[in-house]
Amino acid sequence: MQLHISPSLRHVTVLPGKGVREFIKVKVGSRRVSYRMLFYSLLFFTFLLRFVFVLSTVDSIDGDHSKCSTTIGCLGKRIGPRILGRRRIESNVPEVIYQILNEPVSKDEVQGKTDIPQTLEEFMAEMKESRSDAKTFALRLREMVVLLEQRTRTTKIQEYLYRHVASSSIPKQLHCLALKLANEHSNNAAARLQLPSAELVPALVDNSYFHFVLASDNVLAASVVATSLVKNALRPENFVLHIITDRKTYSPMQAWFSLHPLTPAIIEVKALYQFDWLSKGKVPVLEAMEKDQRVRSQFRGGSSAIVANNTEKPQVIAAKLQALSPKYNSLMNHIRIHLPELFPSLNKVVFLDDDIVIQTDLSPLWDIDMNGKVNGAVETCMGEDSFVMSKWFKSYLNFSHPLIAKNFDPKECAWAYGMNIFYLEAWRKTNISLTYYHWLEENWKSDLSLWQLGTLPPGLIAFHGHVHVIDPFWHMLGLGYQDNTTLADAKTAGVIHFNGRAKPWLDIAFPQLQPLWAKYINFSDKFIKGCHIRAS
């Protein structure tokens, strides 16, 4: 940079370099201009030139010569957008990398290749050693990511398949328990007691008692629900537990509760075929089960066909495998929709699933004012656990189907089965059961495209507008889906629910949560010991 001052001090010229003449020229009008003013002017222009030099140097380092040809041009390119309030968006990533990574992925892209890096460490070592260009870098990165994606997908699907098999099978210990109890029922009169005894039968239809309904074909699970209910009751003598089971489980279930009474609570064990209502004419729930099972077998194609699908996401495959679970085709899972017919004399009942544990006295549930609603349930769209308590109607219903989109709001909060207060007196004044079967029929007509599994989706529809929200304390969910729930948090809930595949009686149960269930089993009992049922 050169500075030239005329002898008369009327002109000052600053030359930054070759090729630029009179880059800045200051004309001093008269001798009255002070030298101090001249000094500050020179100082300002010197600072400005240094700023221009730094920006031009940065442009040279970036190699962005094609976008500006002069120093002034680059300065305008950098400062202009900032003066106008805009930020210039640039990317230092070569365009070739985007082009290669955006290309469609072929199924056989990595087939047979053995030199693909297996880890990020191997990839970086290869790049440093070969000094590859941007194109080679992108190609090798793409191959590594595709390979790892394929392996991750395969591993996830295998995990879902193994969990499906584990959760759908009957553990040999439970099978052993059922056989031993059935044998005891045949050989021991004490295992064939009338439940309840004759003098307590009037209590079964007395609305001054607290009535609970449990539908289950799992003796061990039913025993835990019953034991935890009675042991935590402040007035167990006012509790009546109606246990509904199927024909094959009736003898083992009766034997267990005959030999393990929970006095002073009243226990009734009854098989479905013993209800008068189910023997009169057509039974909608039985017809629904037969049709549902027939449609599902044609639509699904079995677990082998589901796993063999190479195009669907692992989560979709997991949902389809779960739909094949015997639980979803079990009569025990559908029977709750007919509670008003099964218990015509009762005004209110609490329905319990067999994978829950009660940790508090449930009699305060009868003090809840239902405000004329039918179903008292915990909502599942808000709560600290974002995995479990983030369920809306859109989580269960297919809103891409016009029939669903037309009738329901995807952002409406869902609620949970497992521990529900059913106001039967109000229920009998509605068409809830008819609505339930109407939508089941619509789902069959649409090849199961309205929803994919379970009784909760049609339940959400049938009870729409008939739900009274209760405090989440009464029902903590998700203990069979994920192990994020801590033992301390689970202990604070009134009822905990092991909904999901990891049932507490299975080997795949979460070990830190299983003790909450196992504490209600007497492992010294001869039937429990004889079938090698252990705490863990």
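Which residue does a disulfide join to C176, and what is the S to S distance?

A: The model is predicted. In it, C176 is joined by a disulfide to C531, with an S to S distance of 2.2 Å. The two cysteines come from distant parts of the chain: C176 sits in helix α6 (residues 172-187), while C531 lies in the segment after α20 (526-530), and they are 355 residues apart. The torsion about the S-S bond of C176 and C531 is about -80°, so this disulfide is left-handed. C531 has a relative accessible area of 4%, which is under 20%, and therefore counts as buried.

This link is one of 2 disulfides in the structure. The other one joins C381 to C413, with 1.9 Å from S to S. C381 belongs to the loop between β9 (375-377) and α14 (402-407), and C413 to the loop between α14 and β10 (419-423); this pair, too, links distant parts of the chain, being 32 residues apart. The torsion about the S-S bond of C381 and C413 is -105°, and the link is left-handed. C381 is buried, at 8% relative accessibility, and C413 is buried as well, at 15%.

With strand β4 (residues 210-215), β7 runs parallel, and 3 bridges join the two. There L214 has L352 of β7 as its bridge partner. Strand β7 (residues 348-352) is mostly covered, with 5 of its 5 residues buried. In a regular strand, side chains alternate between the two faces of the sheet. In β7, K348, V350 and L352 point one way and V349 and F351 the other way, and all are buried.

The largest nonpolar core has 70 residues, and F212, F257, L365 and W517 have the most contacts inside it. Helix α7 (residues 219-231) gives the most to this core, with 9 residues. Leaving aside residues up to four places away in sequence, F257 touches L195, A222, S223, A226, I243, L262, I267 and V269. Another core, of 44 residues, lies apart from the largest one; among its members are I244, L346, W415 and W444.

How values were computed
Residues are numbered from 1 along each chain as its sequence is written. This is a predicted model: local features need pLDDT of at least 70, side-chain atom pairs count only at pLDDT 80 or more; totals for chains, interfaces and linings use all residues. Side-chain values use heavy atoms; hydrogens and water are left out. A disulfide is a pair of cysteine sulfur atoms within 2.5 Å. Helices (H or I, at least four residues) and strands (E, at least two) are DSSP runs, numbered from the N terminus. Buried means under 20% relative accessible area, exposed over 50%, partly exposed in between (1.4 Å probe, protein chains only). A nonpolar core is a set of buried Ala, Val, Leu, Ile, Met, Phe, Trp, Tyr and Cys residues joined through side-chain atoms within 4.5 Å. Contact means heavy atoms within 4.5 Å. Two strands pair if DSSP finds at least two bridges between them.
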